Amino acid sequence: MAIKPETQEITKARVVLLSGFLGAGKTTLLKRILSWETDLADTVVLVNEFGDVGIDGALLKDSGSDVIELTSGCICCTLSADLKQSLTKIWQRFNPRQIFIESSGVADPRSTAAVISEPDLARFMTLAKIITVLDADFWEAREVFGPLFYNQLEMAHLILLNKIDLFDGDQITQFLNDIHNTLPDSQVVPTIHCGIDPQTLWAEAQPKTPGFKPIQFYQPDPTTQEVRPSVDASNYVTFAFESTQTIDENCFYQFIDELPWEVFRIKGPVQFADRVLLLNFVGGKSEWLPWEGKSQTQLAFIGWDIDPEEILNKAAFCFSNL
């Protein structure tokens with residue numbers, strides 16, 4: 001992207017915030033959007049990864065736009081100052097017409113929107129739309145995830161109910177009815193691999209009804225023996241596993257199968273003896289995709305109230321079986 005000289009007349013940049021819980025498909029959607037654009041010279045992509053290892057930036061490197069990564073935290077809390085500083089520098093250097101922000105899976109879009117609305121930023125950019133990608137599997141298990149999960153949905157102008165191919169038609173119909181009843185101000189579109197047409201995606205965002213009643217989420221009954229965890233952002237743990245060695249394939253598959261439910265998300269390339277594959281693990285389900293990057297294992301883990309050392313030791317065991 002060429003650096004533009006300053007002009008007196010300010011044309012505000014459109015900021016599109018892509019939100020969604022861990023592994024819902026935000027990067028897939030972003031890659032799809034960027035493939036539509038014929039001219040990305042005035043587009044900047046800001047990717048926030050909750051951890052020290054950036055995977056999504058590598059997946060977007062050939063998009064044609066400038067990709068900037070914020071890692072080691074979440075833009076809604078520890079990195080909010082970094083977000084403001086990054087957006088300011090992006091404007092000063094590039095003066096883009098549009099900015100896509102792919103937020104971390106544990107980010108609350110309310111906080112991100114508040115940063116963009118601060119006077120110093122609002123004079124040269126505007127939050128045009130919030131799009132939340134919702135994993136249909138997670139909607140079915142929504143009572144577990146608590147307020148953070150619902151905040152991502154409440155703020156959305158457009159919700160993509162993604163991965164509907166994993167359910168039958170009657171279930172999807174029920175999910176859509178439930179979401180419409182719960183969030184009547186949001187447009188909901190069912191998708192597979194975030195497949196949506198540009199006209200639907202870019203339709204003008206409808207304003208939210210003032211004074212809407214927040215969603216009531218599940219709270220355990222202390223008088224019963226039932227134990228159902230409710231996820232809180234402060235309990236999230238992120239860690240990385242990196243190696244240039246070849247990993248035993250069968251051992252690693254077993255490692256994935258035996259992970260505790262508290263490990264929500266794993267993403268990154270895995271180097272086997274004859275190939276390198278991209279692992280996309282979400283909520284107990286694994287997807288293996290081609291990988292064209294470096295030949296190494298580089299995995300980002302996100303879990304809830306877990307011991308990283310215990311998980312990493314089990315992963316490292318797969319090297320001893322070679």
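Buried means under 20% relative accessible area. That cut-off applies to every close-up below, and the model shown is predicted.

**Figure 1. Phe167 and Phe175 form an edge-to-face pair.** Phe167 is buried, at 13% relative accessible area. Phe175 is buried as well, with a relative accessibility of 6%. The structure holds 14 aromatic pairs. In this one the ring centres lie 5.2 Å apart and the planes meet at 75°, so the pair is edge-to-face. A pair of aromatic rings is described by the distance of the centres and the angle of the planes.

**Figure 2. Phe272 and Trp288 form a tilted pair.** The centres of the two rings are 5.7 Å apart, and their planes stand at 50°. Phe272 sits in the loop between strand E9 (263-271) and strand E10 (276-282). Trp288 belongs to strand E11 (residues 285-290). The pair therefore ties together parts that are 16 residues apart in sequence. Phe272 is buried, at 2% relative accessibility. Trp288 is partly exposed, at 26%. Both rings belong to one aromatic cluster, formed by Phe252, Tyr253, Phe255, Phe272 and Trp288.

**Figure 3. An open antiparallel sheet is built from 5 strands.** The strand order is E8-E12-E9-E10-E11. Strand E8 (236-243) and E11 stand at the edges. Each has a single partner strand, so one side of each is left without a neighbour in the sheet. Neighbouring strands are turned by 15° against each other on average, direction ignored. Inside the sheet, E9 pairs with strand E12 (residues 297-304) over 4 bridges, in the antiparallel sense. Val263 stands opposite Gly303 of E12. Strands of a sheet pair through backbone hydrogen bonds, either parallel or antiparallel.

**Figure 4. Strand E2 (residues 43-48) is largely enclosed by the rest of the structure.** The reason is that 6 of its 6 residues are buried. In a regular strand the side chains alternate between the two faces of the sheet. Both faces of E2 are covered. On one side, Thr43, Val45 and Val47 are buried. On the other, Val44, Leu46 and Asn48 are buried. E2 pairs with E4 in the parallel sense, over 5 bridges. Leu46 has Ile101 of E4 as its bridge partner.

**Figure 5. The buried residues of helix H1 (residues 26-36) line one face of the helix.** In H1, Lys26, Thr27, Leu29, Leu30, Ile33 and Leu34 are buried. Seen down the helix axis, the buried residues fall within an arc of 155°, so they line one face. An α-helix has 3.6 residues a turn, so residues three or four places apart point the same way.

**Figure 6. The largest nonpolar core has 28 residues.** Phe149 and Leu161 have the most contacts inside this core. Helix H6 (136-140), helix H7 (146-154), E6, H8 and E12 each give two or more residues to the core. Leaving aside neighbours within four places in sequence, Phe149 is in contact with Phe21, Leu134, Phe138, Trp139 and Arg142. Another core, of 23 residues, lies apart from the largest one. Among its members are Phe241, Phe252, Ile266 and Val270. In soluble globular proteins, nonpolar side chains tend to be buried together.

**Figure 7. Asn95 and Lys163 have positive phi values.** Neither residue is a glycine. Phi of Asn95 is about 45°. Asn95 lies in the loop between helix H3 (80-94) and strand E4 (98-102). Asn95 is partly exposed, with a relative accessible area of 23%. Phi of Lys163 is near 65°. Lys163 is found in the loop between strand E6 (158-162) and helix H8 (169-182).

**Figure 8. The whole protein has 11 helices and 12 strands.** This view sets the close-ups in context. Of the 322 residues, 49% count as buried. Among contacts with a separation of 6 or more, 75% come from residues 24 or more positions apart.

How values were computed. Residues are numbered from 1 along each chain as its sequence is written. This is a predicted model: local features need pLDDT of at least 70, side-chain atom pairs count only at pLDDT 80 or more; totals for chains, interfaces and linings use all residues. Side-chain values use heavy atoms; hydrogens and water are left out. Rings of Phe, Tyr and Trp (its six-membered ring) pair if their centres lie within 6.5 Å; planes under 30 degrees apart count as stacked, over 60 as edge-to-face and the rest as tilted. Buried means under 20% relative accessible area, exposed over 50%, partly exposed in between (1.4 Å probe, protein chains only). The arc is that of the directions from the helix axis to the C-beta atoms. Two strands pair if DSSP finds at least two bridges between them. Axes are lines fitted to C-alpha atoms, for helices over the stretch in contact, and angles run from 0 to 180 degrees between N-to-C directions. A nonpolar core is a set of buried Ala, Val, Leu, Ile, Met, Phe, Trp, Tyr and Cys residues joined through side-chain atoms within 4.5 Å. Contact means heavy atoms within 4.5 Å.
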